Amino acid sequence: MTTLTESSAAGTEDQRETEDQRETAQKLMIALDVDGTLVDHDGHMSAPVREAAQAVVAAGHEVMIATGRSLNATLPVIEQIGMDRGYAVCCNGGVTLRLHPELPDGYEIIHKATFDPGPALRALRKRLPTAKYALEDADGNFLSTERFQDASFGVEAIGVDFQTMLEATAVRVVVFSTENTPEEFNEAIQHVGLAGVTYSVGWTAWLDIAAAGVTKASALENLRSRLGMEPSSTVAIGDGRNDIEMLTWAGRGVAMGQAPEEVVAVADEVTKSVYDDGAALVLRSLL
């Protein structure tokens, strides 16, 4: 396990290639998580992180946002780092975008993985009756029980009864509880035995559910094949449990300094925390 430090980044600076060599340097596919990586948990992106991300984009690498956020909550981040073409993965792999300035909205959805949320919702409601539930449907709307709203949705959630949620077709399901710990969420999931879906537990008692086999890594692998990039040319930076598959998939997987132990365990390197601009440190090492 390598720990990335300021001195190691400085060493990279000293060993940079000449301008001519850099023009022919290997193009990388760089997957970037958002929350806890590019932005802190208040949603703020620091100037060093923004500038480093913009520099990597400008250098011509295949930079991709890979986030649990939904599309509308991802677009502002894409704009902040100066991406106007390329690809982005939203909803933990459930939605893949192609970006290009000539497209009507500047992007198009090229893949969307949907599933029937009914079985998972029914099983979890029995075990976690006081939790709040929300889902993104196939049309990009968010349906929720009670007053459940989160910045990662990107749109105002529509309050519906639980039966309406059971009958929807989902891209993403979110379960949240202020009364349970992540450990209790894990215990509940193990007890009900979620089948036919992919799930990850967040920092708090937050559960994201996607279609079976769908992760950030599965969507990124599809894009890697589409672009003809070598596996060894892939880099990923993330901090959450929903980044585990992505960090394992990448040729160079970097965990943020504040990441949980199970995330650090699968990473090739650990950088500084999001509050110490750890992502900027990694991104500068790629220039």
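Phe148 is buried, with a relative accessibility of 5%, in this predicted model. Elsewhere, the structure holds 11 salt bridges and 0 disulfides.

**Aromatic pairs**

- How many aromatic pairs does the structure have? The count comes to 6.
- One of them joins Phe142 and Phe153, whose rings are stacked at 4.0 Å centre to centre, with 10° between the planes.
- Phe142 belongs to strand E8 (residues 142-144), while Phe153 sits in the loop between E8 and strand E9 (158-159), so this pair ties together parts of the chain 11 residues apart in sequence.
- Phe142 and Phe153 are both buried.
- Phe148 and Phe176 make a stacked pair too, because their planes meet at 20°, with the ring centres 6.0 Å apart; the cut-off for stacking is under 30 degrees.
- Where do the two partners lie, Phe148 and Phe176? Phe148 is in the loop between E8 and E9, and Phe176 is in strand E10 (residues 170-176), so the pair links distant parts of the chain, 28 residues apart.

**Salt bridges**

- Side chains of opposite charge can pair when their charged atoms come close.
- Arg98 and Glu108 form a salt bridge in which the closest N and O atoms are 2.7 Å apart.
- This pair links distant parts of the chain, with Arg98 in strand E5 (residues 95-99) and Glu108 in strand E6 (residues 107-112), 10 residues apart.
- Are Arg98 and Glu108 buried or partly exposed? Arg98 is partly exposed at 22% relative accessibility, and Glu108 is partly exposed at 30%.
- Arg85 bridges to Asp84, with 3.3 Å between the closest N and O atoms.
- Arg85 has a relative accessible area of 46%, which makes it partly exposed, and Asp84 is partly exposed at 39%.
- Asp243 forms a salt bridge with Lys216, where the closest N and O atoms are 2.5 Å apart.
- Lys216 lies in helix H8 (residues 216-227) and Asp243 in the loop between strand E13 (234-238) and helix H9 (244-249), so the bridge ties together parts 27 residues apart in sequence.
- Both Asp243 and Lys216 are buried.
- Which residues are linked in a network with Lys216 and Asp243? Asp33 is linked with Lys216 and Asp243 in a network of salt bridges.

- Asp137, in strand E7 (residues 132-137), is buried yet has no salt bridge.
- Why does Asp137 have no salt bridge? The nearest side chain of opposite charge, that of Lys112, is 6.9 Å away, and a salt bridge needs the nitrogen and oxygen within 4 Å.
- The side chain of Asp137 does reach the backbone nitrogen of Asp139, at 2.9 Å.
- Beyond residues up to four places away in sequence, Asp137 touches Thr169, Ala170 and Val171.

**A buried serine in a loop**

- Ser233 is in the loop between H8 and E13, and counts as buried at 3% relative accessibility.
- Which side chain makes a polar contact with the side chain of Ser233? The side chain of Gln26 does, at 2.4 Å.

**Cysteines**

- The structure holds 0 disulfides.
- Cys90 is buried, with a relative accessible area of 0%, and Cys91 is buried at 2%.

Note on methods:
Residues are numbered from 1 along each chain as its sequence is written. This is a predicted model: local features need pLDDT of at least 70, side-chain atom pairs count only at pLDDT 80 or more; totals for chains, interfaces and linings use all residues. Side-chain values use heavy atoms; hydrogens and water are left out. A disulfide is a pair of cysteine sulfur atoms within 2.5 Å. Buried means under 20% relative accessible area, exposed over 50%, partly exposed in between (1.4 Å probe, protein chains only). Helices (H or I, at least four residues) and strands (E, at least two) are DSSP runs, numbered from the N terminus. Lys and Arg count as positive and Asp and Glu as negative; His and the chain ends are not counted. A polar contact is a pair of N or O atoms within 3.5 Å; within protein, one must be able to donate a hydrogen and the other to accept it, and residues adjacent in sequence count only if both atoms are side-chain atoms. Contact means heavy atoms within 4.5 Å. Rings of Phe, Tyr and Trp (its six-membered ring) pair if their centres lie within 6.5 Å; planes under 30 degrees apart count as stacked, over 60 as edge-to-face and the rest as tilted.
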